[in-house]
Amino acid sequence: MDRTQTLGYPRIGKNREMKRALEAYWKGTLDGDALLATFAEVTRESWQAQAAAGIDLIGVGMETLYDHVLDWSVRFGLIPPRFRNLGGLDRYFAMARGVPGVPALDMTKWFDTNYHYLAPEIDASITPQANFDDFLALIRAGQAVLGARVVPIVLGPVTLLRLARLSVDFGDMLSALLPLYRQLLDDLKVLGVTEVQMHEPALVLGDAAGLRDDVETTYTTLAEAGLSLNLVTYFDDVGQNYPWIVALPVDVISLDFTRGNNLALLQTHGWPQEKTLGAGVVDARSVWRVRPAETLALLATLRGYAPQMRIGASSSLQFVPYTAAREKALPDALRGVLAFAEEKLAELRLLAAGKTADIDAAWDAFRAFAPTDAAVQARLDALQPSDFTRALPYAERRPLQVQLPPFPTTTIGSFPQTPEVRRLRARFNKGEISQAEYEAGIDAFIGYTIGVQDGLGLDMLVHGESERTDMVEYFAQKMTGFAFTQNGWVQSFGSRYVRPPIIYADVSRPQPMTVREFRVAQSYTQKPVKGMLTGPVTILNWSYPRTDIPRHIIAYQIALALRDEIADLEAAGARAIQVDEPALREGLPLKPMRWDAYLTWAVDAFRLTVGGAAPETQIHTHMCYSEFQDILSAIDGLDADVISIENARSGDEMLRALADYGYPREVGPGVYDIHSPVVPTVEFIAGKLESFVHHLQPEQIWVNPDCGLKTRAWDEVIPALRNMMAAVQGARSKGQEARSKRQGARSKR
């Protein structure tokens, strides 16, 4: 029977223990020792679950207090100067979240997942220095629980540097890091470790060919340590790099066989018989069980090429919840084909033994349970090209839309989800209050949120989303075809967890989803209130969709449901509607050769959503923590009237790209980092506005936070927005003075 391995495991606690511990620590109600004790207990339970499932080789090292990439930045002394006067947990969390006057590291997406990592910042002021104490202690703790099954997980140096914000020579910094990596391997060898997983997912990126010399130098150097090295890649195939990657001086190479086409590469180029293949055949990013006939056939094919083989998940299992067994509210036929982390461990053992009859029976039951919706299918079949296009081009529709002062101000949508808001929802869900009582409570929160915005002087308001637990789950709960978990939490970043819905059938919208709350909000103010929707690509990418239905079909079904919602919002008086698509860039394939196909249907899904909007309706969209300089033609193709983007934590690279491209519509770069407890000063925001004017025309510029304010407290949000408005008033005054001077000069002539 094949041996089994894991590459990482959920690390938040089955009952979100890490979230509670982290947030209590940040509030000062839990000390550092108690936080670390919670971390140790959560970690130990994850090891025990893998051991109980009979996994042979258990990866240890992806466990983290906040982010595993940040952990390696700290271990290698990659500490920017602004953090060096801090130490211990204070410095660690300052790098993650910032402190007054000290902005956090840039946060961005981990490849094409919905996990966010903190990008290392490496400039000429940094000399790498090793401190592996915490990692070695973690490995010793793992050995105490698991014995010889422990395989340390190390983030490889090439990936660490490839994902960094690097302002020094790549090769020079690699040369500085390699002796420290070698030191780490020597330290692990002293602990009795015999194999180490070196995670190098950067080798699946489109530009990996340019890293060949660095990769070969790295693994020639590290192989001298005398440990068995397992080179691990995931999220895609290794493409044209396959021949030289499989020739590297490592003993095991683990490849993802659930994404990309590593199978074709192996069949074309063969497999080095002296190496062990780590076959990632269980999809670590999907909640669906394997389809036994397909997976067993794949394994049989792989065994024909690689007689030395072990099987495992395609990547870390951190992207799925802990166990489907707790989801008693799901229909049996659906739960029977779901595999969260624990079920995937069991699948590995079943596949290794070739015993999958129970899985086949579960799929038979599911197919009888989830019929198609003929009406939805007919509507898709009837789509015409005109359904994907606004009635008027931007230049003609913009004068018909709402007119606001220079540097118009707004927010991205959500406002603080206070304990009072959460208690109200909990009481309603438990049946303790009636629908009318619940709506009255929500309306009071909406009234307060509108009052704050009106009082601060914002120009375009939002209702605050008090009724929404999550920007995807809320809409999914109001559509057909979605199922929901009670305990299916996964980490997005830090203590921010989400419960992705499961798309198991055709999607439609039985009734309006947001119109009641919009009407309430608009009744409290004369200013325009934005309707707030989550876009089809984001709902798709932040859910667990069926894997046997093309993704674009599901996206179009969601788009049609949202299109109907826009029509109802317009009928209710909405003059502006925001359709958020933060996951558009996230879903971009890692290989540029596949971009066009994805972007074509992703952009079309957005255009199908908004294509029926009246010219007078201003369409906004929001994209946070995405770098999309390389897909600006697609962003332009969305044809949104206003896009808002993250900018407070990063530089102006995106603005320069928009200017160079000649982006013709309006842009709201963020001025408030909502992932930090730090309240931005008037001076900071004013500086941001000045930089915006260097890149964009003043009439293009909106002013807003980076993202929604759901995770912040009112005592942070109100002063931050007050400072935002003060900075905007200053910019408007300067603009008025400049206009007056120009008019005076013209009158003298």
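Biologist: Which residues in α17 meet which residues in α18?

Modeller: This is a predicted model. In it, E420, V421, L424, R425 and F428 of α17 meet Q435, Y438, G441, I442 and F445 of α18. By class, that contact has six nonpolar, two polar and two charged residues.

Biologist: Why is α17 called roughly antiparallel to α18?

Modeller: The axes of α17 (residues 419-429) and α18 (residues 435-456) come within 10 Å and cross at roughly 165 degrees. Angles over 145 degrees count as roughly antiparallel, so α17 is roughly antiparallel to α18. The crossing of α17 past α18 is left-handed.

Biologist: What makes α5 and α7 roughly parallel to each other?

Modeller: Helix α5 (residues 133-146) packs against helix α7 (residues 170-190) at an angle of about 30 degrees, and their axes are 11 Å apart. The cut-off for roughly parallel is an angle under 35 degrees, and α5 and α7 are therefore roughly parallel. Here α5 passes α7 in a right-handed crossing.

Biologist: Which residues make the contact of α5 with α7?

Modeller: F135, L136 and I139 come from α5, and L184, D187 and L188 from α7. By class, five are nonpolar, none is polar and one is charged. Asp counts as charged, so D187 is the charged residue in this contact.

Biologist: Which residues lie nearest the centre of the largest cavity, and which strand gives the most to its lining?

Modeller: Of its 36 lining residues, M471, R496, W542, C707 and K710 lie nearest the centre. Strand β17 gives the most, with three residues. By class, the lining of the largest cavity has 16 nonpolar, twelve polar and eight charged residues.

Biologist: What is the volume of the second largest pocket, and what lines that pocket?

Modeller: Its volume is about 1,400 Å³. The lining has 49 residues, and T258, R259, D283, T547 and R551 are the closest to the centre. Elements that give two or more residues to this lining are α11 (292-305), β14 (490-493), α21 (536-541) and α23 (595-610). By class, the lining of the second largest pocket has 23 nonpolar, 13 polar and 13 charged residues.

Key: Residues numbered from 1 in each chain as written. Predicted model: local features only at pLDDT ≥ 70, side-chain atom pairs only at ≥ 80, totals over all residues. Heavy atoms only, no water. Axes fitted to C-alpha atoms, helices over the stretch in contact; angles between N-to-C directions. Helix = DSSP H or I, 4+ residues; strand = E, 2+ residues; numbered from the N terminus. Parallel < 35°, antiparallel > 145°, perpendicular 65-115°, else oblique. Left-handed = near helix turned anticlockwise from the far one by under 90°. Contact = heavy atoms within 4.5 Å. 1 Å grid on protein atoms, 1.4 Å probe; cavity = no way out; pocket = protein on both sides within 12 Å on 5 of 7 lines; lining within 4 Å. Points joined across faces, edges and corners; volume = space filled by probe spheres on them.
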